Amino acid sequence: MSTSNSTFSLEGRGLKLDTEDDAKSHTQDIKSTTTYKHISLSGNTIGAPACTALAPLLSTQTSLTSINLADIFTSRLLTEIPPAISSLLTSLLPLHNLSTIDLSDNAFGLKTQAPLVDFLKQHVPLQHLILNNNGLGPEAGTHIADALSELADRKAEARKSSKTAIPNLETIICGRNRLETGSMPAWARTIQKHPHLKTVKMVQDAIRQPGIQLFLLEGLKHCAELEVLDLQDNTFTHVGAEALSQVLPGWKKLLELGVGDSLMGRKRGMGSLCDALAKGETKELRVLRLQYNEIDSRGVGRLLKVVEEGKLPALRRVELNGNKFAEEDEGVARLRRVLETRREEAGKDGDEGEWGLDEFSDLEEEDSEEEEEEEEVAEEVDSEIEAQKEVEKEREKKAEGILRDAEEEEGRNVSQKKDEEVDVLAEKLGKTEMI
């Protein structure tokens, strides 16, 4: 057990808390102290009776600003999760300082999402929501998005009568959840209703280009205060890249942009991105993640030109592994020198993961001009076919419903693979007192 004056933690203990007595034997400090600001129960498996015992203890923590409830239902049956999470989340509703909650690595599909949806609708103090690897699927994902839309309305209503400041929702992390294109209309509406968002991460969510386009143009376009956007491992193609190029100049505070592994393409996609960056409106951008996008030496050259012209004065990290150019390419060498010079001028000797270029361990050979032309034509045809397939797929879903697929998805175990970057961010948020 790790405790301090402000933190109570059972994190990573691997405890199996089945009964009320099990819970009470490990939580005496919570019972005797009501001034904790951060509580972590992550990495244990907690049954419904134990959650029932924990609930009244959590409800006394009026100073609590963050709670980590990630990975607390491993090995539990789906039928156990709703009453268990309902007990915990209901106990948190009266805590008006609780602004950060991490519920990653728990199964919240159609059969288990209802208590979470109810909580998200009501918890007006919420600023930072972390839902990574929850097996949501598109329908449960839509319910989560709709709940956050209702939360926006409740925040607006509360501001009319509250004597204290009502915080904005600033962080949404909802990656590895198979949200798909089908849930993007709901998410776009949600994002539009929370225009003060600063961090949005939806990595590896099986979102195709029509969904990406909608999410960017109808949702994120309205977030002028955006600082971190990570949509890696979804499908952009040139369609998503062109949508990104339209909204990118409006994010003047953007610090990090992640669009790696998104089939952006060497010519139209990379060209659209560089044209947007060349407008010089994203001067605060520090990190650009472009791995596995079939970018060739000409694409690197276009990015280099933007950097050398001073349009990205804060840029310090570019990730390009998995693309189609030679490691000894002159443009790559020049880009590396620019970034290394910036690190030296900033007086940063270490921080290899924060400055310079990433390691090129998986580069592909650059195609011939004939192969490029053939691939470009194929990309355009594939994009048109894919877009049509998405339209037809959505029609089929409306006609037949997607309940069966969502229920089958819930039957699978939520992956236990951890997202280290999300864990680090969650830890930082948890240790930061929110006002």
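**Close-up 1. Helices α7 and α8 run side by side.** In this predicted model, α7 and α8 pack with their axes 8 Å apart and at an angle of about 20°. Angles under 35 degrees count as roughly parallel, and α7 and α8 are therefore roughly parallel to each other. The way α7 passes α8 is a right-handed crossing. On the α7 side, the contact uses M184, P185, W187, A188, I191 and Q192, while α8 brings in G211, L214, F215, E218 and G219. Sort the residues of this contact by type and you get 7 nonpolar, 3 polar and 1 charged.

**Close-up 2. Helix α7 also meets helix α6.** Here we look at α6, which covers residues 137-161, and α7, which covers residues 184-193. Their axes come within 8 Å and cross at roughly 20°. That makes α6 roughly parallel to α7. What is the handedness of the crossing of α6 and α7, left-handed or right-handed? The crossing of this pair is left-handed, whereas α7 crosses α8 in a right-handed way. From α6, the residues that take part are G141, T142, I144, A145, D146, L148, S149, A152 and D153, and they meet A186, W187, R189, T190 and K193 of α7. By type, the contact of α6 with α7 splits into 6 nonpolar, 4 polar and 4 charged residues.

**Close-up 3. The buried residues of α7 have several packing partners.** Which residues of α7 are buried? They are M184, A186, W187, A188, T190 and I191. Have a look at W187: this residue is listed in the contact with α6 and also in the contact with α8. The buried residues of α7 pack against α6, strand β9 (171-173) and α8 (209-219). Here is a handy rule for reading helices like this: an α-helix has 3.6 residues a turn, so residues three or four places apart point the same way.

**Close-up 4. Helix α5 lies alongside helix α6.** The axes of α5 and α6 come within 7 Å, with a crossing angle of roughly 20°. That makes α5 roughly parallel to α6. The crossing of α5 and α6 is right-handed. L116, V117, L120, K121 and Q122 of α5 meet H143, I144, A147, L148, E150, L151 and R154 of α6. The residues in this contact divide into 7 nonpolar, 2 polar and 3 charged. Two residues of α6, I144 and L148, turn up in the contact with α5 and again in the contact with α7.

Close-up 5. Helix α5 spans residues 114-122, and its buried residues are P115, L116, V117, F119 and L120. What do they pack against? Their partners are α4 (81-92), β7 (100-102), β8 (128-130) and α6.

**Close-up 6. Two loop residues have a positive phi.** Start with N133, found in the loop between β8 and α6. N133 isn't a glycine, yet its phi is positive, at about 65°. Is N133 buried or exposed? At 5% relative accessibility, N133 counts as buried. Now move along to E180, in the loop between β9 and α7. E180 is also a residue other than glycine with a positive phi, near 60°. With 12% relative accessibility, E180 counts as buried.

**Close-up 7. N323 is a buried loop residue.** N323 sits in the loop between β14 (317-319) and α12 (330-346). Its relative accessible area is 0%, so N323 is buried. A polar atom of the N323 side chain lies 3.0 Å from the backbone nitrogen of I295. Not counting residues up to four places away in sequence, N323 touches L290, Q291, Y292, N293, E294, I295, L363 and E364.

**Close-up 8. I46 is a buried strand residue.** I46 belongs to strand β5 (residues 45-46). With a relative accessible area of 1%, I46 is buried. Leaving aside neighbours within four places in sequence, I46 is in contact with L17, L41, C51, L54, I72, F73 and R76. The C-alpha atoms of I46 and A84 are separated by 7.9 Å, although these residues are 38 residues apart along the chain.

**Zooming out. The whole protein.** The protein has 15 helices and 15 strands. Of its 435 residues, 53% count as buried. Among contacts between residues at least 6 apart in sequence, 85% join residues at least 24 apart.

Notes
Residues are numbered from 1 along each chain as its sequence is written. This is a predicted model: local features need pLDDT of at least 70, side-chain atom pairs count only at pLDDT 80 or more; totals for chains, interfaces and linings use all residues. Side-chain values use heavy atoms; hydrogens and water are left out. Axes are lines fitted to C-alpha atoms, for helices over the stretch in contact, and angles run from 0 to 180 degrees between N-to-C directions. Helices (H or I, at least four residues) and strands (E, at least two) are DSSP runs, numbered from the N terminus. Angles under 35 degrees count as roughly parallel, over 145 as roughly antiparallel, 65 to 115 as roughly perpendicular and the rest as oblique. A crossing is left-handed if the near helix is turned anticlockwise from the far one by less than a right angle, and right-handed if clockwise. Contact means heavy atoms within 4.5 Å. Ala, Val, Leu, Ile, Met, Phe, Trp, Tyr, Cys and Pro count as nonpolar, Asp, Glu, Lys and Arg as charged, and the others, Gly among them, as polar. Buried means under 20% relative accessible area, exposed over 50%, partly exposed in between (1.4 Å probe, protein chains only). A polar contact is a pair of N or O atoms within 3.5 Å; within protein, one must be able to donate a hydrogen and the other to accept it, and residues adjacent in sequence count only if both atoms are side-chain atoms.
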